[in-house]
Amino acid sequence: MRNAYIDQFPEEARVIRATLWSSFLALMIGGTLGLIQGLHRTNVLRFIPSQDYYTVLTAHGVLLVITFTIFFLVGIFTWAVTTSLDRGVKDIRFTWGWYAMMTLGTLLVGVSILGGVVDQIPMNADVLYTFYSPFQAHPAFYVGFVLFVVGTWLAGFDWFRTWWAWKKDNPDERIPLPTFMALTTMLFWYLSSIGVAISILAFLLPWSLGIIDSVNPLLTRTLFWFFGHPVVYFWLMPAYMLWYTMLPKLSGGKLFSDPLARVVFVLFLILSTPVGIHHQYLDPGIAEGFKFIAMTNTMFLLLPSLLTAFTVVASMEHGARQRGGEGYLSWLKALPWRDPAFTGMALAGLMFAAGGFSGMINAGLSINYLVHNSWWVVGHFHLTVGTAVALTFMAASYWFIPQLTGKEIWNRSLGLVQVVLWFIGMTFMSNAMHRAGLFGMPRRTAEPQYQGFSFDPAVGTVAEIDAQIALGAALLTLSVYLFITNMVLTTIGGSTSDAIPDNTYAGTLSGPEDSPAIIDNLKLWTSIAVVLVIIAYSLPLASIIDAGGLFGPGIDPWKPSVVVDPSLVLESVRGVMP
Amino acid sequence: MRISKGGLLVIMAFLTPLIVELRTVLSWFGIRLSVVETGALGLALIVAVLIWALWPSNGDTEAKLA
């Protein structure tokens, strides 16, 4: 008898399907916009005015790094909690409630961004994903964002109360690993998203509504990055969870060490938030000492990632040897490379290693000056969120969608081609972006090639770099469309199958009993995380408010507009006329 | 075949970053390859991997001979 997730938890499966499809829709739209950007910036094909580039860039960023990732992860965490606790959520109406809230938030944000290119929509939110001042968006953008984030908070509450109910029935049991991972991730998300909540509710929204005249730009920027870096780990931790709980199972083996996995998640809970200032190394209003603290905390975060690399690869080797693999490296041949779920996740992990190395450059206080605000950074995060996270999520879908629908994947070979195509496309694109950043090509601009100045690549030409980026972007978009096609045809065209594997996750070679119970003391780790945040942020925030005031020195907000003011144009022309 | 079709596909994909980065690495030693030369080198590597993967291993050859 079949024992897939849909058979065990049919109600929850329906909600998770909804979150995953919301995520896939965002991926499709956001991915298409990425191609438009890539072709425009590289001057290969331009069919939008350059000022619309920023609307496209905002939508691309928000849809992919917020909507796609977070809708997917709330679904996966719901699977993780219910599967590992072997019980459904307490009240499915509440679960639908937070999903509805996130959806409403997404719609408000999406429509306000769309207003940048559709004249009939009287809104504008060309503020990029990093929406700190002096950019100002329509209030609907901020309200939508708040609704979305509060939706995730409620989702976390849903998982916590499911765990509390389980704990009541199992007082002496250790927290099952997938639930432990979901809860620790949510704890640092609660802590870090307070930053963006304060930024929006106390400053940006009242400013956008005209209730206050001005804001302190450095303060809103710092509050954004208080949230803006931990959000990276909010996307990444579900990918880590899948590497820990699914990759060993798909490899045919067991997780090498449950205690190591718990330590990794505890380290992320403690260290994720007090690092945001490493995005502000070039901000003049923050003293170097605070930046040094942020750098130190960031470098500590390498430890859990290196532990993860060790544990996951050791688990895969164990699986390969169970399948008959032998030798120092020949065991690699015994891994299930025909399985798109396994291959996609393995390639995502491999690319994450490269992203980690470029991340170390970003995190270094002195060497960051070489690459800050350049295309290098864009290349970096396309390896991390754009591959480690996105490719893992797509690959995992080849396992999850059958679990959630009871149907076989429409075409698994196409799935394999799709994940490999993503790997190749991202190789071309991110390599070229990194190289462009090294010779100083800026990010966040539709017109990177200044007049009267030429970039000097170390190898090749700017045209070659541009061609490589355009090729990579095209392959990535093709990969997204192959993925969506496979998912659509599986869901609407596939037939129900009894051959869907059981809904399980990897067992362990070394279980939770091999670690001290204190590892599961979530209150202790959360308290330490709060103390570290206070140490890292209290003095910088006090200094920023002291220097620039709580609401700023009275700057005028700049409202992005697609309508060109003729008087400003005339003034500019006069300025350059001899 | 010495390797599964899935494994071969992944090796071919993995050649992409190797070839792309090889060009940069070679430039450090003063060897500057054009795009066409890099493509030719990549093609040669792919053909070499294909020959290795598709060439029957000793066991297979003996089995066929038997």
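In this predicted model, A:N297 contacts A:L271, A:P274, A:V275 and A:A536, its neighbours within four places in sequence being left aside. A:N297 lies in helix α11 of chain A, which spans residues 288–300. The relative accessible area of A:N297 is 10%. The cut-off for a buried residue is under 20%, so A:N297 counts as buried.

The fold of chain A is built from helices. There are 19 helices and 0 strands. Along the principal axes, the C-alpha atoms of chain A fill a box of roughly 80 × 50 × 45 Å. Buried residues make up 61% of the 578 in chain A. Contacts in chain A were also sorted by sequence separation. Of those between residues at least 6 apart, 83% join residues at least 24 apart.

Backbone geometry was examined next. Most residues other than glycine have a negative phi, and most peptide bonds are trans. The peptide bond between A:S133 and A:P134 is cis, with omega at about 15 degrees. A:P134 sits in the loop that runs between α4 (92–114) and α5 (139–169) of chain A. The loop between α4 and α5 also holds A:L128. Phi of A:L128 is positive, at about 65 degrees, although the residue is not a glycine. A:L128 has a relative accessibility of 9%, so it counts as buried.

A positive phi is also found at A:N373, again a residue other than glycine. Its value is near 60 degrees. A:N373 belongs to the loop between α14 (368–371) and α15 (375–405) of chain A. Is A:N373 buried or partly exposed? With 40% relative accessibility, A:N373 counts as partly exposed. A:L128, by contrast, is buried.

On the chain B side, 18 residues are in contact with chain A; on the chain A side, 19 residues take part. Together the chains bury about 1600 Å². Carbon and sulfur atoms account for 72% of this area. Three residues, B:V10, B:V20 and B:R23, supply 28% of the area that chain B buries against chain A.

Polar interactions across the interface were counted separately. There are 3 residue pairs in polar contact between chain B and chain A, with both residues at pLDDT 80 or more. The salt bridge count between the chains is 1. Which side chains meet in a salt bridge? They are those of A:E464 and B:R23, with an N to O distance of 2.7 Å.

Helix α1 of chain B, residues 5–28, provides 14 residues of the side that touches chain A. This is the largest share of that side. By class, the side of chain B that touches chain A has 8 nonpolar residues. Polar residues number 5, and charged residues also number 5.

Conventions: Residues are numbered from 1 along each chain as its sequence is written. Chains are lettered from A and ligands numbered from 1 in the order in which they are written. This is a predicted model: local features need pLDDT of at least 70, side-chain atom pairs count only at pLDDT 80 or more; totals for chains, interfaces and linings use all residues. Side-chain values use heavy atoms; hydrogens and water are left out. Contact means heavy atoms within 4.5 Å. Buried area is the accessible area (1.4 Å probe) that two parts lose on being put together, summed over both. A salt bridge is a side-chain nitrogen of Lys or Arg within 4 Å of a carboxyl oxygen of Asp or Glu. A polar contact is a pair of N or O atoms within 3.5 Å; within protein, one must be able to donate a hydrogen and the other to accept it, and residues adjacent in sequence count only if both atoms are side-chain atoms. Helices (H or I, at least four residues) and strands (E, at least two) are DSSP runs, numbered from the N terminus. Ala, Val, Leu, Ile, Met, Phe, Trp, Tyr, Cys and Pro count as nonpolar, Asp, Glu, Lys and Arg as charged, and the others, Gly among them, as polar. Buried means under 20% relative accessible area, exposed over 50%, partly exposed in between (1.4 Å probe, protein chains only).
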